[in-house]
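Trainee: Please walk me through how to read helix packing, a sheet and a pocket in a model. I would like the general idea each time, and then the case at hand.

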Amino acid sequence: MEQATPDPERQLQPAPLEPLGRSDAGLGVTVDEEAERAREEGSGGDTMTHNNFWLKKIEISVSEAEKRTGRNAMNMQETYTAYLIETRSVEHTDGQSVLTDSLWRRYSEFELLRNYLLVYYPHIVVPPLPEKRAEFVWHKLSADNMDPDFVERRRIGLENFLLRIASHPILCRDKIFYLFLTQEGNWKETVNETGFQLKADSRLKALNATFRVKNPDKRFTDLKHYSDELQSVISHLLRVRARVADRLYGVYKVHGNYGRVFSEWSAIEKEMGDGLQSAGHHMDVYASSIDDILEDEEHYADQLKEYLFYAEALRAVCRKHELMQYDLEIAAQDLASKKQQCEELATGTVRTFSLKGMTTKLFGQETPEQREARIKVLEEQINEGEQQLKSKNLEGREFVKNAWADIERFKEQKNRDLKEALISYAVMQISMCKKGIQVWTNAKECFSKM
């Protein structure tokens, strides 16, 4: 009796999420086991359990940035920035001193770590890196990658990236991350030995999946649209902020002109001179305060930029789901095609036009022995296809369950962080306005005493 062809849409539509047991259950276990076998070959004898214990009891910081000169892979001279990562034990044991380890990493090594995490943990919203080149800047800040202010802000962003990973319930357990913090020499070789580049999906395959999936999961489609809108809104917000900062800088600096005019005026006035001189001093202080204010504002802008880049991390999870759905649908189509061929051979009828059917008409029918042999081969292929389809369905369900558990965790983090950043930004603006009122109140008192 002919079996019904599995429906990929129905099979990848997950049942209501159940409470998760182990945080690395299902697909995560398979990924971790494969990665672990490759990583342990060149990593020494430390166990994963020991690493978890270690990561929970350390402090991580990127404490310094240093400009260096060296040669790249093409043996060409280049200038780059290296960052000092320090890990410090939180616990004091038997009165012993707290141990501190440190090593230097380039930005490209942070990129390598993140690319590895994206491949081995496709169901996780992997924290983004800070921008490699300055964007959304106002005129006072340089767009040069070696600008000290930009390098300092990137140092803070890299530290935040490491802290995000260390606080993630799954990523913090990864041994490559552990070695990133502790093994300066041969770390790149250890990462490459995992073979993660071979597991990475090609852009062409991802593009095919995007346009050729017939039954996409509506929740992931909505999530992709949300990430696009989030990126658009934050980009617009950052551009507005840059324009406001530019105008604000001009307004504050114009007060320096007040200060100069009042000081010059005070030199020719005997009775009004002291009041004008004091008012001019208040204006000069007000004008110079804008530099510190806008440095603080850049810190809040960087918090928004992090979620601008998080939008791409969300899309990466959606793309991986599309790829899995695409593979599932291709497997289902291939299985249905083989079943149809098997049925046609068994009944001797051809439902659709095929090259094989045309060849049969031209050169005659196959012998019963040949037909039986072909049917046997097709039945074996059908059995393998059914097992493969079942495996892909299970993998897809585990991916959906694990992905949505992490997306829910991300949403809570996002709401908390953006709420805190926007409130802090509003408080800063209110404080700035109060200082402006106070300056003009002081100037008014100076004028009143003249």
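Mentor: Let's start with axes, which are lines fitted to C-alpha atoms, for helices over the stretch in contact, with angles from 0 to 180 degrees between N-to-C directions. Helices (H or I, at least four residues) and strands (E, at least two) are DSSP runs, numbered from the N terminus. This is a predicted model, where local features need pLDDT of at least 70, side-chain atom pairs count only at pLDDT 80 or more, and totals for chains, interfaces and linings use all residues. Residues are numbered from 1 along each chain as its sequence is written, and side-chain values use heavy atoms, leaving out hydrogens and water.

Trainee: At what angle do the axes of α9 and α12 cross?

Mentor: Two packed helices are described by the angle and the distance between their axes. Here the axes of α9 and α12 cross at roughly 75° and come within 9 Å. That makes α9 roughly perpendicular to α12 (under 35 degrees is roughly parallel, over 145 roughly antiparallel, 65 to 115 roughly perpendicular, the rest oblique). In contact (heavy atoms within 4.5 Å), Lys-205, Ala-206, Asn-208, Ala-209, Thr-210 and Arg-212 of α9 meet Glu-322, Leu-323, Tyr-326, Asp-327 and Glu-329 of α12. By class, this contact has 4 nonpolar, 2 polar and 5 charged residues (Ala, Val, Leu, Ile, Met, Phe, Trp, Tyr, Cys and Pro are nonpolar, Asp, Glu, Lys and Arg charged, and the others, Gly among them, polar).

Trainee: How are α11 and α14 oriented to each other?

Mentor: The axes of α11 (273-288) and α14 cross at roughly 170° and come within 8 Å, so α11 and α14 are roughly antiparallel to each other. The residues in this contact include Gly-275, His-282 and Tyr-286 of α11, and Lys-435, Trp-440 and Phe-447 of α14. The contact of α11 with α14 divides into 9 nonpolar, 5 polar and 1 charged.

Trainee: Now the sheet. In what order do the strands lie?

Mentor: Strands of a sheet pair through backbone hydrogen bonds, either parallel or antiparallel. Here 3 strands form an open sheet in the order β1-β2-β3, with antiparallel pairing (two strands pair if DSSP finds at least two bridges between them). β1 (58-71) and β3 (100-106) are the edge strands, each pairing on one side only. The twist from one strand to the next averages 20°.

Trainee: How many bridges join β1 to β2?

Mentor: There are 13 bridges between β1 and β2 (77-89), while 7 join β2 to β3. Glu-59 stands opposite Arg-88 in β2, Ile-60 opposite Thr-87 in β2, and Tyr-83 opposite Arg-105 in β3. Helix α6 (175-182) lies across β1, β2 and β3, at about 100° to β3.

Trainee: What is the volume of the largest pocket?

Mentor: On a 1 Å grid over the protein atoms alone, a pocket is an open set of points where a 1.4 Å probe fits, with protein on both sides within 12 Å along at least five of seven lines; lining residues have an atom within 4 Å of a point. Points join across faces, edges and corners, and volume is the space filled by probe spheres set on them. The largest pocket has about 1,200 Å³. Of its 41 lining residues, Leu-118, Val-119, Pro-122, Asp-201 and Lys-320 are closest to its centre. α12 gives the largest share of the lining, 10 residues. By class, the lining has 23 nonpolar, 3 polar and 15 charged residues.
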